[in-house]
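Q: I am new to this structure and would like to learn how to read it. Could we go through it together, one feature at a time?

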Amino acid sequence: MDNRFGFKDLVLASLLVVLIVSVWLAMKQFDRQWDKVEAIETQISQLITEQAQTRKQVFELTDQLESGVVLQGGATRADAGDGRSAAALPDPFDRLEAIHEIPGYAEGDAVIDAFGTSVARVTPLVTSDAYGRAVGGYVFESLISRDPETLENVPWIARSWTIEDNAEAWRAYVEERLADPLTEDEVRAEAAFPAEEDESAQNAYVEKRLAEGRRIGDVIEEPGCPDAATITFFLRRGVTFSDGTPLTARDVVFSWELMNNPEINAPSIRQFYDNLKSCEAVDERTVRFAIKRPHYEALGHAGGRAVLPEHFYSRFTPEEINRTPGLVMGSGPYRMPDPESWAPGRPIELLRNERYWGVRPAFDRVVFREISNDVARLTAFRNGEIDIFAAQAEQYQSLVNDPAVMGRAQAYAYDTVPTGYNFIAWNQRERDGSPSKFADKRVRQAMTFLTERQRMCEDLYLGYAVPAAGPFAPGSRQADPELNARPFDVERGRALLREAGWDDRDGDGVIENAAGEPLRFKLTYPSGSDLYNRMVLFLKDSYARAGVVMVPDPLEFSVMLERLDNQDFDAITLGWGGGAVERDIRQTFHVSQANKGGDNFMGYINPELSDLIDRARETLDEDERMAIWRQTHRILWEDQPYTFMFNRQTLWVIDGRFENVNRVTAGLNDRSEWFTPQAEQVRTR
């Protein structure tokens with residue numbers, strides 16, 4: 001057999017070998033270059049962290065020197081307001097810095113969460129739901145914060161503060177003015193009657209106002225009324241917004257002025273901070289608030305609001321801020337990729353703020369997906385498409401009992417501090433010229449007796465909830481311990497309805513009033529939730545036992561919020577989150593918040609309750625204040641403007657790759673304290 005391997009073949013084979021060797025060498029060179037790139041990136045990341053920590057230490061040392069700290073001993077100039085010196089105030093970043101020392105700590109990865117509804121807007125001040133505020137929590141920061149374990153106020157953007165108490169002079173002025181009789185001229189000037197106003201109506205109003213006397217709300221607005229207190233904050237050096245612009249006292253003042261601009265659609269937020277009389281920049285890093293009247297949460301009100309960058313938000317008119325859904329820029333650890341372009345329906349992705357002035361969190365990204373269907377959201381978690389699942393009771397049980405899931409996940413059932421609650425709000429205002437069916441408190445009491453809450457706690461929440469007796473957490477000092485949730489009692493409910501004029505007059509099984517109108521109403525609730533759907537069916541059957549016809553009215557969340565703002569509903573079921581550690585119920589039940597856009601959207605008017613709320617807010621002695629809160633609890637229990645439904649435990653199932661997920665007094669520690677070890681990171685890019 002002839003040997004056909006000739007010179008030509010030898011050349012080709014040699015070339016092939018050379019090519020293979022060249023490719024192999026190129027790959028080795030590429031690997032070495034890639035290793036160098038990774039090493040450089042790691043060094044850059046470490047350098048950024050070290051620079052941030054060094055910068056922070058320099059700024060802290062400078063602040064201490066300016067505050068009068070003597071390095072060999074001594075005291076600070078600025079007092080924390082509670083007897084502690086500024087040097088004694090806890091450093092909120094100590095917790096984050098300690099996490100870096102945990103074995104396996106690494107930066108990188110992303111955490112993907114899911115909202116159970118679509119998000120309408122995330123622009124601060126005008127966002128009206130918990131979802132927009134959840135996004136803002138990663139982007140915006142305030143002067144002070146709450147320690148998750150002690151629940152005490154701690155410095156954040158502010159390094160320290162002073163409180164000057166002037167309550168004694170304030171009370172002396174107020175008492176003197178309240179004792180000074182009103183004059184007819186003052187009343188007429190106050191009323192500013194229109195020219196066409198009937199004279200007899202004017203005289204009747206004047207007579208009524210003269211009998212009432214001066215109102216404290218008017219007295220504290222007088223130019224001569226002294227401030228109840230002044231709170232001065234001293235800002236840290238080196239705090240910047242995500243575009244690198246320094247944060248100054250002027251930004252704090254701008255944020256306060258923007259919130260109080262009546263053209264900004266933020267009435268529910270404004271009312272919460274309406275006790276702040278003024279805000280002024282003393283210098284670039286000092287800002288002072290004047291307080292209208294004594295309030296137990298004055299420090300939190302002054303220091304707990306988001307600080308917005310003036311150079312960014314001042315570019316937009318109030319109308320543009322109201323209508324633009326995604327104007328988001330702050331000083332926090334995360335930022336929007338584009339602070340102006342987000343719109344509903346687009347992904348919500350936050351990137352780590354590489355210019356962050358504080359201790360950097362571990363995750364590169366925080367992502368929020370919108371999955372309104374409960375089953376789809378559960379499926380997404382099982383498939384690893386989302387990392388956090390806020391579960392309903394049955395979902396939680398199914399996940400906890402699934403070995404495959406628990407092999408890669410961690411489950412938490414816990415009470416939060418403070419505690420939220422679910423409710424049904426009964427609209428008491430006249431609509432379309434017709435009186436409300438729920439204006440009579442006997443009807444509202446009856447509806448509560450007809451609501452089978454204990455069974456729902458067992459069947460829908462599997463024991464992870466208890467019936468609520470009011471707005472305050474069970475066992476808290478604000479709650480009256482003698483008040484329990486009304487039991488399910490059809491006969492007592494029927495008796496109250498008959499007493500209020502509702503009875504089955506024609507024997508058709510539906511109760512009517514004297515005019516023959518049936519007790520029929522729509523119950524509005526968020527669509528897309530299996531839990532809400534089941535709860536509403538429970539309620540429909542319960543009410544039918546007493547001849548009350550309830551028509552389910554599921555609405556997409558943004559549409560439902562519009563109904564709330566316009567007070568256009570019969571009854572609505574929702575929930576309130578925890579809010580402050582001590583719940584201030586002015587926002588939801590005070591007469592001043594019954595206007596359009598206010599959170600007393602059911603039009604509940606009780607002057608006695610409103611007066612007690614005002615008294616509680618300005619009572620600094622905690623024992624006295626708690627006694628007043630318990631009085632408000634008794635009134636709300638009697639009047640039932642809400643049927644207070646449940647106090648629920650929070651049920652979360654979280655991907656097991658996250659480390660340092662811990663229980664704290666407030667509930668669960670912040671995600672800025674979580675991390676993923678390098679080997680387990682799955683969401684890199």
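Predicted model: local features only at pLDDT ≥ 70, side-chain atom pairs only at ≥ 80, totals over all residues.

Q: Is N422 buried or exposed?
A: Buried means under 20% relative accessible area, exposed over 50%, and partly exposed in between (1.4 Å probe, protein chains only). N422 counts as buried because its relative accessibility is 7%.

Q: Which residues does N422 touch?
A: Contact means heavy atoms within 4.5 Å. Not counting residues up to four places away in sequence, N422 touches Y532, L574, G575, T643, F644, M645, F646 and R648. With R648 there is also a polar contact, side chain to side chain, at 3.0 Å. A polar contact is a pair of N or O atoms within 3.5 Å; within protein, one must be able to donate a hydrogen and the other to accept it, and residues adjacent in sequence count only if both atoms are side-chain atoms.

Q: Where does D387 lie, and with which side chain does the side chain of D387 make a polar contact?
A: Look in the loop between α13 (374-382) and β11 (388-390) for D387. The side chain of D387 makes a polar contact with the side chain of R683 (2.9 Å). D387 is buried because its relative accessible area is 0%. Beyond its neighbours within four places in sequence, its contacts include A110, V111, I112 and F658.

Q: How far apart are V367 and E349 in sequence and in space?
A: They are 18 residues apart in sequence and 4.5 Å apart in space, C-alpha to C-alpha. V367 belongs to strand β10 (residues 365-370), and at 12% relative accessibility V367 counts as buried. In the protein, among contacts between residues at least 6 apart in sequence, 72% join residues at least 24 apart.

Q: What is a nonpolar core, and which residues touch the most other members of the largest one?
A: In soluble globular proteins, nonpolar side chains tend to be buried together. A nonpolar core is a set of buried Ala, Val, Leu, Ile, Met, Phe, Trp, Tyr and Cys residues joined through side-chain atoms within 4.5 Å. The largest has 77 residues, of which L143, F233, V287 and F289 touch the most other members. Helix α8 (residues 249-259) gives the most to this core, with seven residues. A second, separate core of 66 residues includes V490, L561, L564 and I635.

Q: What should I know about phi, and which value does L462 have?
A: Most residues other than glycine have a negative phi. L462 is not a glycine, yet has a positive phi of about 50 degrees. L462 is in the loop between α17 (453-459) and β14 (465-467) and is partly exposed, with a relative accessible area of 36%. Q567, also not a glycine, has a positive phi of about 55 degrees. The place of Q567 is the loop between α20 (557-566) and β17 (571-576), and at 7% relative accessibility Q567 counts as buried.

Methods: Residues numbered from 1 in each chain as written. Heavy atoms only, no water. Helix = DSSP H or I, 4+ residues; strand = E, 2+ residues; numbered from the N terminus.
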